[in-house]
Structures are given as structure tokens and as C-alpha cells.
Amino acid sequence: MSNLRMTRQEKDFITRRCYFFDPVFIDFLEGYRYNPDEVHISQQEGELRIAIEGYWYRTVLWEVPLMALISELYFRMTGAVASRAEEKAIDKARKLRELGADHSDFGTRRRFSSEVQDIVVKSLKENSGEYFKGTSNVYLAMKYDTTPIGTMPHEWFMYHGAIFGYRSANMKALEAWTEVYQGSLGITLTDTYTTDSFLNSFQLKQAKLFDGVRWDSGDPLEFTDKILEFYREHRIDPTSKTIVYSDSLNLEKVEEIQKFVRRRIHDAYGIGTYFTNDVGATPLNMVIKLTEVKANQADNFLYAVKLSDVPGKNTGNTEEIELSKRTLNIS
């Protein structure tokens, strides 16, 4: 990892297609080098633990490649062989096109291998028609001349919750995001501290500015109803907004959601493991989350936690989770 560096071709692609990035940030990426000293690895029997510690602007770039490396290495070590990767990808692409469902590849982190993801993106680009909207893998977006696409991460809200308090977290995080991107990258997560809490602090200005929201936990149909009601209450035409659905999707789930939505709002689908690791192996169950943060070097570390729209599916220090729930009046 320490030998990786951005090529001139990659910089030109990001400059052209990621127009929302400040040129200074792109220059930073060009000069960035991974420092393996920031990563601490231990394993006890079948449980792998990884801790990444350092400045956030550096450590944030470890998550996606580390998870992809772990996943591919595991399948190599266990002798797993990908089955019917291209055939399945083409079939899914054609069915999604028949459904008229806008979709993107979000599957880098838990992919079977880089080769399988390459096959998937190529197959989607060639067989999905206008309904394939891009991939979160920027390299493959460059290789297949498609859009590098994604949404904001939970850790953005987790940081603001730890530093500014849980009642201010959503508002502070959204204001900081819009300050940087000025209206670009306008799909926001809602479930870091539950969607109900998010909607209580989602101001009219922000609701109009952001293009839509992303569903990532809980019941997608209940979520859809909540979002539609929210937009109507704020006199916003739901058909002008988007919901990106992204939690454990497959064709059956996409079709179910699509039938429920019935064009009342624009629906799009960010599909991960089902695209890049549906080849006969059992995908790994793994996550990397923000755990502790501090705003200044002299400060003490503060716990960072994530709640969910699934009761009990929370991440982080147990006592801090209970504190956040009490603060937000979540039972």
C-alpha cells in the first residue's frame, strides 16, 4: 500500500469527473501515500480486528481498500472460486433495465475480488443501458468511462455527534457538508442517529437544497412513507427528490420497493455485495467504523457511535450509545 500513488491519468479523470473537489484536495490526493504504521492488526481464531489511528483526513482513505483486500485475501486463502460472475452480472443488468430501475455499483468493500468487480461493472455498462448510473470504484469508473458515484458516510455524522453533541449532530454535519460542496453531492444519509431524529432536525433550507436521502437500514417501505410525508409537510414536491436505497439489495427487493414507490418519488438503487460477491461464496461480515475522535491534539478522545433504524443494531461504546439514546429520547 505504501508504494501506491495517483497517476497523471487518474488525476486528469478525477479533475474532469469529480468537479466538486477543490483543486487543492486533488493535489493532496496526488501526493498522498499510505502509511502502514497507522494500521494495527490482530487476530484471535476467526475474529480479525483492525484499528486505524491517525489524522482523520489520512485514516479515512484506509477503509475501502482495506476491506477489499481482506475480502479478496480471505477467498484466495480458502480456495474459493468465482462461479458464473459474468453470466449473473449480465442477467441482473438486463432485468434491472427491464424494470427501469436506476442502479449503481456500491460493492468495492466486500467484493469477491477485483477481477469480479471489473466484470460486473463492464457487464452493467454494456447491458443496463441508461439505467446504469455509475460505480463507487473510481478506478473502474475511469476504466469504463462512467460516473464515480456515492453518498456521504455515517462517520461524517458520527464525528459531529461526538464533538458537538447528539442534538446538534445532524444539523452541524449538513451545514458543514453544504459549506464544502455548495449543493453538489446532495444525497444525505438519515439513520446515523435514526431517521426520526434526523427528520426532526432536517430544516426546510436543507431539505430543499439536498437532492434526496439514502435508505440504509430498517424497513424500506416504512422509510419511504416517512420521507414522502416529510416532503409533503414541507410543501416540497416529492417527485423532484430522490431516495437512494442501499441496504442488502437484490432483484426481488428492488422490484418490491419499486412497486411500492409507484413513481411518487425518484427511486435509485446502490447495490453492493449482490453485484460483486454473488459468485457462490459466502461474503464476509465486516465493518470499519469511526470509534473515537478529538478536535484538537491536546484534547481527550471522545467516543463516536452510530445508531440505526434497526432496533439494537448500534455501533460503538455501550455507555455512549445509551447516552446518545437518552439525549435524543430514543427508547
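On a 1 Å grid over the protein atoms alone, a cavity is a set of points where a 1.4 Å probe fits but cannot get out; a pocket is an open set with protein on both sides within 12 Å along at least five of seven lines; and lining residues have an atom within 4 Å of a point. This is a predicted model, where local features need pLDDT of at least 70 and side-chain atom pairs count only at pLDDT 80 or more, while totals for chains, interfaces and linings use all residues. Residues are numbered from 1 along each chain as its sequence is written, and side-chain values use heavy atoms, with hydrogens and water left out.

How many cavities of 30 Å³ or more does a search of the whole structure find? The search finds 1. The largest cavity holds about 30 Å³ of space, a volume being the space filled by probe spheres set on grid points, which are joined across faces, edges and corners. Its lining consists of Trp-177, Thr-178, Gly-183, Ser-184, Leu-185, Gly-186, Leu-209 and Phe-210. By class, that lining has 4 nonpolar, 4 polar and no charged residues. Here Ala, Val, Leu, Ile, Met, Phe, Trp, Tyr, Cys and Pro count as nonpolar, Asp, Glu, Lys and Arg as charged, and the others, Gly among them, as polar.

Next, the second largest pocket, with about 1,800 Å³ of space. It is lined by 43 residues, and closest to its centre are Ile-50, Ala-51, Ile-52, Ile-288 and Lys-289. Helix 4 gives the most to this lining, 8 residues. Helices (H or I, at least four residues) and strands (E, at least two) are DSSP runs, numbered from the N terminus.

Now the helix pair. Helix 5 (residues 85-99) packs with helix 13 (residues 251-261) at an angle of about 5°, their axes 11 Å apart. Axes are lines fitted to C-alpha atoms, for helices over the stretch in contact (heavy atoms within 4.5 Å), and angles run from 0 to 180 degrees between N-to-C directions.

Last, the structure holds 20 salt bridges, each a side-chain nitrogen of Lys or Arg within 4 Å of a carboxyl oxygen of Asp or Glu. One joins Glu-30 to Lys-11, with the closest N and O atoms 2.8 Å apart.
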